[in-house]
Amino acid sequence: LLDGTAGQILALSVLPPHDADEGRNKLVLIALSSEKSSFAVAVEPQVNVLHRWSRPPSVSDGATYLPCLAWKSSLVGGSHKREPTLARAWNSTLQFLRASFPDDLPSGDDVTYPAFGVHDEFETSAPVVALEWLGERSLVYLTLRNEFTVVDTVMMTLLERLDFSGVRLIYAEFSLSRRKPSPDGNTSTSSTTFQNSMRASDNRLLILCQEELKGVSLLSTKQRIAGLEDDGEWLEALALALDHYESAVKSLEDRRRDPSGKKDLTKHPAFATTTKGKVAGDTDPDETTWMVDLLKRYLKL
């Protein structure tokens, strides 16, 4: 996989396996990052470098902050379709690289490789030292100033920011090998990383501290809306409710429709009949009723 020509590898991330019904389970994707570029690589069914992603222009030679990589099949930027997305934080620049597959995937042993494109990016308040996905539309990152930040990647809005200065995280020191010596004559530079101290599992973030293991979970959409209402932030609560309806309810109904008539979606696993006689892809009536009641309350304000 590596012959040394790419230089020292500073970061690595493995894309979790896709759901079998997505038809992409033949591919195993990883991401690597050297001092100058990041690479999307297929290791199954055969090793193939699919995309080279140059570092941000703001990062210069000799930078001491390591790149952070995090793969996830996620929702980014208003899209209702989950796509493999590589989040990369390098210094104070956070970017999203999306791997897009065609709608009609081949059957049998044929393998279709995705096309890659940078979807979005923004600047953080300080260099990022750790990065991880927490669910399909939530990204968390830790900055050099001990700011633990949660971002909604669909709306590209800040969900939460916590002060982690009192959390004694485990960290590692990484020795960067330089081909050109620094002004003081050294050919290696030490850099600190917290990337291995944060891991996501079942929509919960596990954080390794010096004397304990902490867990971080996100509140559900309904809990967040109720919290905003309790704080008197009605407009923010309404915006979140409407976005939830678009992404979780309406998009599911749209998936059942096929205007072209070329596909028979009734046989798709997502819409298979369950043991209780309910179609798995049907909109939850409780969800729709909750949304209607919420809008009625807002009309009375």
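Before the details, some ground rules. The model is predicted, so local features need pLDDT of at least 70 and side-chain atom pairs count only at pLDDT 80 or more, while totals for chains, interfaces and linings use all residues. Residues are numbered from 1 along each chain as its sequence is written, and side-chain values use heavy atoms, with hydrogens and water left out.

Start with the whole chain. The protein chain has three helices and 17 strands; helices (H or I, at least four residues) and strands (E, at least two) are DSSP runs, numbered from the N terminus. Of its 301 residues, 39% are buried, where buried means under 20% relative accessible area, exposed over 50%, and partly exposed in between, with a 1.4 Å probe and protein chains only. The chain exposes about 16900 Å², and carbon and sulfur atoms supply 50% of that. Those areas come from the Shrake-Rupley method with a 1.4 Å probe; for residues, only the protein chains shown count as cover. As for contacts (heavy atoms within 4.5 Å), take those between residues at least 6 apart in sequence: 51% of them join residues at least 24 apart.

Strands β1, β2, β3 and β4 form an open sheet in the order β1-β2-β3-β4, with antiparallel pairing. Two strands pair if DSSP finds at least two bridges between them. The edges are β1 (11-14) and β4 (48-54); each has a single partner strand, so one side of each is left without a neighbour in the sheet. Neighbouring strands here are turned by 20 degrees against each other on average, direction ignored. For angles like this, axes are lines fitted to C-alpha atoms, for helices over the stretch in contact, and the angles run from 0 to 180 degrees between N-to-C directions. Between β1 and β2 (residues 28-33) there are four bridges, and the two strands run antiparallel. One of the partners in this sheet is Ile30 of β2, which bridges to Val14.

Is β10 enclosed or open to the outside? Six of the six residues of β10 are buried, so this strand is largely enclosed by the rest of the structure. Both faces are covered: Ser138, Val140 and Leu142 are buried on one side, and Leu139, Tyr141 and Thr143 on the other.

On the β9 side, five bridges hold an antiparallel pairing with β10, and Glu132 stands opposite Val140. That hairpin has four residues between its strands, and Gly135 takes a positive phi near 95 degrees. On the β11 side, five bridges again join antiparallel strands, with Leu139 opposite Val151. The β10-β11 hairpin has three residues between the strands, and Asn146 in the turn has a positive phi of about 65 degrees. Further along, six bridges join β11 (residues 147-152) to β12, and Glu147 has Asp163 as its bridge partner in β12.

Next, the packing. A nonpolar core here is a set of buried Ala, Val, Leu, Ile, Met, Phe, Trp, Tyr and Cys residues joined through side-chain atoms within 4.5 Å. The largest has 16 residues, of which Leu142, Phe148, Leu169, Met198, Leu205 and Ile207 touch the most other members. At least two residues come from each of β9, β10 (138-143), β11 and β16 (204-208). Leaving out residues up to four places away in sequence, Met198 touches residues including Val140, Leu142, Phe148 and Ile207. A separate core of 15 residues includes Leu15, Leu29, Ala31 and Ala40.

Last, Thr153. This residue lies in the loop between β11 and β12. Is Thr153 buried or exposed? Thr153 is buried, with a relative accessible area of 0%. What does Thr153 contact beyond its neighbours within four places in sequence? Its contacts include Leu75, Val76, Phe96, Trp133 and Arg137. A polar atom of the Thr153 side chain lies 2.6 Å from the backbone oxygen of Leu75. Thr153 and Gly78 are 75 residues apart along the chain, and their C-alpha atoms are separated by 8.1 Å.

Definitions and conventions:
A polar contact is a pair of N or O atoms within 3.5 Å; within protein, one must be able to donate a hydrogen and the other to accept it, and residues adjacent in sequence count only if both atoms are side-chain atoms.
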